[in-house]
Amino acid sequence: MTQPLSVQLYTVRDALTTDLPGTLATIADIGFTNVELFGFVDRADEYAAALQQAGLTAPSGHARLVDADEQELERILSASVTVGLGTLIDPHVDEARWTTRADVEAIARTFNELAPRAADHGLALGYHNHAFEFSNRIDGTSAFEVFAGALSDAVVLELDTYWAKVGGDDPVAVLGRLGDQVRFLHVKDGDGSHDDKQQVAVGNGIMPVRDIVAAAPHAQQVIELDDHDGDVVQAVRDSYAFLAGAHA
C-alpha cells in the first residue's frame, strides 16, 4: 500500500519563519496529511500545536544526532516525542568522515548504538544522504552503501535520490540494491547539478522519477526543494500533483 505523500518543511523554511500555522495550513490545503520536520527541537510545543491545528502529522523529522552531547541528545529525543515523530533522521554527518572504510563503519556503529536509545522513546533512527556519500568511493563502492552494509536492522535509510544522482550513482539501481532498508525517499528534480537554485518541481527536470518511485513502492515519498528560482509553494503544489498522478 502506497503511503501518503510528505514534504520536507525545509522547502518552505522562509514562510515558516514568519507564519508557522499559516504555512502548515497552506501545505494541508495542497493535499498533504504528512510532513517531515526540521529545526523543530527548539519549537516542539509550537510545532505540535500547529500540526494538530492543520490536521497534519509528522512521521519523520531531521535533527543532528551523531555529534550531540548527552544533554542535547535527550532534548532531541524528547522533542521528537512531543511532535509525534515515528522516525528521527540525522540529515548530515561531516563529509570528511566518509573517506575511509574505517571511518564510515565507525559512523554506522554510532547509529547502531543510538538506535536502542531512540527505541526507548518509541522512535526509529535513520540517516539522510547528500552527494558526497556517493561521490566518495571505497573499493569501488559508494561510502553510502558501505555505511548501509554496516547498519543494524534497527537503523533505516532515507535516500535523497537527487543527491545520489548528483554524486554519480543511479538512484534506481541503488534502491534495487538496498531494498527495504530505504524507508523514505527524498523525491526532487532539477538539472542534476550542485546548484540548489536549479531544482524544479518534480517531473520538470532530468530525474527518472517514475522509475525511482516504482523501485521503492513501500517507502514514503518526501517532496523537497533545497532551493528554487521561482514560487516554491507552486513548485510543491506541482510536485504533489505529479506524484499523486503517478499513484493513480
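**Close-up views of a predicted model**

**View 1. The lining of the largest pocket.** The residues that line the largest pocket of this predicted model divide into 6 nonpolar, 6 polar and 5 charged. The lining consists of 17 residues, and those nearest the centre of the pocket are P91, H128, H130, E224 and D226. The volume of this pocket is about 320 Å³. In general, empty space of this kind is found by rolling a probe the size of a water molecule over the atoms.

View 2. Q8 sits in the loop that runs between β1 (6-7) and α1 (13-18). Its relative accessible area is 1%, so Q8 counts as buried, the cut-off being under 20%. Beyond its neighbours within four places in sequence, Q8 is in contact with E36, L37, F38, H62, H186, V222, I223 and E224.

**View 3. Polar atoms around the side chain of Q8.** The side chains of Q8 and E36 are joined by a polar contact of 2.8 Å. A polar atom of the Q8 side chain also lies 2.9 Å from the backbone nitrogen of Y10.

View 4. Strands of a sheet pair through backbone hydrogen bonds.

**View 5. The pairing of β2 with β3.** β2 and β3 (residues 57-62) run parallel and are joined by 3 bridges. Opposite N34 stands T57 in β3.

Technical notes:
Residues numbered from 1 in each chain as written. Predicted model: local features only at pLDDT ≥ 70, side-chain atom pairs only at ≥ 80, totals over all residues. Heavy atoms only, no water. Helix = DSSP H or I, 4+ residues; strand = E, 2+ residues; numbered from the N terminus. Buried < 20%, exposed > 50% of the residue type's maximum accessible area, 1.4 Å probe, protein only. Polar contact = N/O pair within 3.5 Å; in protein donor to acceptor, adjacent residues only side chain to side chain. Contact = heavy atoms within 4.5 Å. 1 Å grid on protein atoms, 1.4 Å probe; cavity = no way out; pocket = protein on both sides within 12 Å on 5 of 7 lines; lining within 4 Å. Points joined across faces, edges and corners; volume = space filled by probe spheres on them. Nonpolar A, V, L, I, M, F, W, Y, C, P; charged D, E, K, R; others polar. Pairing = 2+ DSSP bridges.
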